[in-house]
Amino acid sequence: MDWGMIDRYAKSLIKEAGHRIRVSFAREIQIDTKDDANDLVTDIDKDIEQFFISRIRQDFPDHRILGEEGFGDEVSSNEGVIWILDPIDGTMNFIHQKRNFAISLGIYADGAGMLGYIYDVMADDFYHAVRDGGAYRNDERLPRLERTPLNEAVIGINASWVCPNRYVDHERVAGLVKNCRGTRSYGSAAIELAHVASGRLDAYISMRLAPWDIAGGSVIVGEVGALTTDLRGREHDMLTKGTFIAARPGLHETILGEYIHLKS
Ligand code: IPD
Ligand code: CA
Ligand code: CA
């Protein structure tokens, strides 16, 4: 497989998709809901996913595509090359703020993350990584992450997990919030992973993420030495929804060991 060629192809496709999104702000956006009233989707999310899929199917007919909006393939096994795409991660930000959203793409071969991309469209920050080739923000190589103690760490976490919820003991999570240096919540898992990769966040935690939220980011953070697992410390399965943490070494063990108690 010529990964260099696929890397160049994917970068150019993502840049073109970013341009389409920016241009779309000139027209009225159609907003719909999915599973619940706060689970939003727009015609642009769908248009961008279809844009990727038509190009990938034309140029790589034997690759499969797992996309959030469901225009890709039914993927139930890791075999072969799979493009895992979130056309707009942070749709609520896209609608409410017209910024702080990203295109997220990971390209996997037999379950191994080979290429990862997060494009923060409005900031024009492009995070990318090739397996074993390091991670970059635009042209700048991102340094490897050093260990950081919890009391000096800034953690990406959504406030929902400090409220009673069905996934995790929220009082322990409140202890985490209290004992770290600070918390941030950006409303886009992909952007939060980009921040972990560049050291702006020291860890990012969520109780429920889908493959397309983290496929690109996992490759990128892995290249700078962050650990990515589910909240039981197991390798995250790239085909199902579940809990997720990405953190600097050391911090990963502290958070899972002392602050996360899953309910089932
Ligand atoms: C969402 C964002 C959000 C995360 C949600 C995701 P979407 O993705 O990444 O930050 O907390 O779990 O579903 O719906 O905007 O693509
Ligand atoms: Ca998403
Ligand atoms: Ca999305």
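Trainee: Which strands supply the side of domain 1 that touches domain 2?

Mentor: Strands S3 (64-67), S4 (81-89), S5 (102-109), S6 (112-120), S7 (125-130) and S8 (135-137) each supply at least two residues. S6 gives the most, with 7 residues. Strands here are DSSP runs (E, at least two residues), numbered from the N terminus.

Trainee: What kind of model is this, and how is it numbered?

Mentor: It is a predicted model: local features need pLDDT of at least 70, side-chain atom pairs count only at pLDDT 80 or more, and totals for chains, interfaces and linings use all residues. Residues are numbered from 1 along each chain as its sequence is written, chains are lettered from A and ligands numbered from 1 in the order in which they are written, and side-chain values use heavy atoms, with hydrogens and water left out.

Trainee: Where do the domains run?

Mentor: Domain 1 is 3-141 and domain 2 is 150-258. The bounds come from an automatic or database domain assignment. Their centres, taken over C-alpha atoms, are 21 Å apart.

Trainee: How much area do they bury between them?

Mentor: About 2,200 Å², 64% of it on carbon and sulfur atoms. That is accessible area (1.4 Å probe) lost on putting the two parts together, summed over both.

Trainee: And how many salt bridges?

Mentor: The count is 0. The rule wants a side-chain nitrogen of Lys or Arg within 4 Å of a carboxyl oxygen of Asp or Glu. For contacts (heavy atoms within 4.5 Å), 37 residues of domain 1 meet 24 of domain 2.

Trainee: New topic. What coordinates the calcium ion (ligand 3)?

Mentor: Glu68 (OE), Asp86 (OD), Asp86 (OD) and Ile88 (O), at 2.2 to 3.2 Å. Donors are N, O and S atoms within 2.8 Å of the metal (3.2 Å for Na, K and Ca); water is not among the atoms, so the site may look incomplete.

Trainee: Which residue coordinates both this ion and ligand 2?

Mentor: Asp86. The two calcium ions are 3.7 Å apart.

Trainee: Are Asp86 and Ile88 buried or exposed?

Mentor: Both are buried. Buried means under 20% relative accessible area, exposed over 50%, partly exposed in between (1.4 Å probe, protein chains only).

Technical notes. Helix = DSSP H or I, 4+ residues; strand = E, 2+ residues; numbered from the N terminus.
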